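Q: Could you walk me through how to read a few features of this model, beginning with the surroundings of its ligand?

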Amino acid sequence: SVVLLWRSHDDEEAAPDETDRDNWVAVRLGQDQKEYIDRRGVHVVVGHYMGDANNMQNPPNLTDELLNANMFDPRPNEGRNGQPVMIPSHELLKMQQLFHINRFNLMASDRIPLNRTLPDVRKKRCQKKLKNLSHLPATTVIIVFHNEAWSTLLRTVHSVINRSPHNLLQEILLVDDASTRAFLREPLDEHVAKLPVSTRVLRTNERVGLVRARLMGAKEAQGQILTFLDAHCECTIGWLESLISRVAEDRTRVVCPVIDIISDDTFAYVRSFELHWGAFNWELHFRWYTLGGGEIKKRKEDITEPFRTPVMAGGLFAMDKDYFFEIGAYDDQMEIWGGENLELSFRVWQCGGSVEIAPCSHVGHLFRKSSPYTFPGGVGEVLYSNLARVALVWMDDWKEFYFKFNPGAARLRDRQSVRSRIELRERLKCKSFEWYLDQIWPQHFLPKEDRFFGKIRSRQSGGCLQKPLGKGSLNQPMGSATVISCTEEPNLLQLFVMSPSGVIMTDESVCLDAPEKDHTTLQPKVRIMACSGQDRQKWSYNSNTFSLQHVSSGMCLSLPESSNLEESLVLQACTQHISQQWRLEAVQWK
Ligand code: LR7
Ligand code: MN
């Protein structure tokens, strides 16, 4: 029998839908194990799962001695070619304890050499694409870190050196954001002094967060191109050429690699799907979404062509240095972590540039399920302040939507002084957020003037359509469409958008969905699933008869015959019966 195991942020989450492979951001198919990364970047394992590094049954005893010791102890073949690391059973207890220092399997990382090999995961035609590199500009690679492990930090550096053409690699700048580990002082300086590529360590005077640390690096950089990486990445062959050649062609491009996964348990290198782009949800959290069908068709000719993305993940990208400063660098009032990727993406798009993903550039990133370091001021305060700044400066009317449905951020709204950023926006004559939504992310699920936004209430039961709590494999909500008693706002679960084209959608890009035409069941079930743009997700509302008609089948949305609230809504032949009557109740959002 097959064992299904899954791990995610919280235990309530449903097991992934194994059959829904199209929605996996990444898979690794082992003998009897599958792994993928969901929309939030949570690594999920399905199948026989050997490791259990993050086992809370062994409470960590993290002494200063342990934290400051460098336990890097490489074995020549461990992790070779991106293979997973095996930990001998007598070390498992220690492994579990060490896990808590960085929230990844430090023991596994410390057994892998700094120059381990990785597979060439690119599509074949990528190799042909890059011929003449001699005239390309060189880059400064900037890596900021706070209390990173020795092995992950230096494997990032060595992977850059080993797999970048040296004429394109001017220098590497490491920016230490006030780390407290002893091995990140002199030992680090001594190690980098011996590297074959100019590498320096800059240090901040106090903890400044990743934005101000990156700014410090950018100001020191000598290269014409800036390339940012997180401090726990591994670059694969061809990664840099594919980024730099795009920036060299057009200096207003911000170019990101495809982000592969380094497993936080085994340190296996897991290839990602290429056809995902980044955007956000109603809470302004970064999410991956599948590229629209039209977009995929357009790319049939050459699937290795870079494609535009509404938002970048944040940590891995290359851009022209002068353009970086011309367009306003970063918002230096952003603290510690979070929101800067949205800010930079909105700004670049709205002010005339573009953000794209280059499928021929693959870089692995170590994904972990929680953050190992402190957030001075508190996680919530830090993140909400940063996001409030994004909304206030860039989102026009939609900032009201964000604040209305995110009270945590609304509380911090008046504390933000964003004048200089608004002035920047005016000086650069940037376009509106509406333009951004229409042109750059037309598939978005935010309310708009031309769309219905609010509740969908049954005239028979008085209940409201509710988004399911179950999760699909990408961690997007998925399940039966049901009606339960209506609640007061802001209950995001009962809010829907209906577009002029008849798509009924809600947060995280899920849509009301029913089978095209189903001859086998008389009453096909209605579900809420990832939006696909297909006709089976189109509906038409008649305000005279109150009916919601499913366009492709011609049938009508109905309450189930049973009064069981968990029973899903169905399609029935349209009769205008009260069980098929719905009221669209608009909710104010600005
Ligand atoms: O106070 C700090 N000072 C720092 O120097 C906090 C963090 N950092 C460093 C840290 O050591 C690391 O190198 O900043 C880098 C990013 O921090 P992580 O690795 O803890 O963040 P993450 O990988 O969870 O977060 C993603 O979102 C962040 C939001 O601020 C940044 O944009 C990260 O760069 C970004 N990472 C990626 O985009 C990698 C792919 C993730 C996906 C999808
Ligand atoms: Mn990271």
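A: Helices (H or I, at least four residues) and strands (E, at least two) are DSSP runs, numbered from the N terminus. Here β4 (139-145), α7 (209-220) and α11 (340-350) each supply at least two residues of the shell around ligand 1. This is a predicted model: local features need pLDDT of at least 70, side-chain atom pairs count only at pLDDT 80 or more, and totals for chains, interfaces and linings use all residues. Residues are numbered from 1 along each chain as its sequence is written, while chains are lettered from A and ligands numbered from 1 in the order in which they are written.

Q: Which element gives the largest share of the shell around ligand 1?

A: That is α7, with three residues. A residue counts as near a molecule if its C-beta atom, placed from the backbone, lies within 6 Å of it. By that test 24 residues surround ligand 1, and the closest are Asp 177, Ala 231, Ala 313, Gly 314 and Gly 315.

Q: Why is Leu 284 called buried?

A: A residue is buried if 20 or more other C-beta atoms, placed from the backbone, lie within 10 Å of its own, exposed if 12 or fewer, and partly exposed in between. Leu 284 is buried because 23 other C-beta atoms lie within 10 Å. You will find Leu 284 in the loop between β11 (276-280) and β12 (286-290).

Q: Which residues does Leu 284 touch?

A: Contact means C-beta atoms, placed from the backbone, within 7 Å. Not counting residues up to four places away in sequence, Leu 284 touches Leu 342, Leu 387, Val 390 and Tyr 402.

How values were computed
Contact = placed C-beta atoms within 7 Å.
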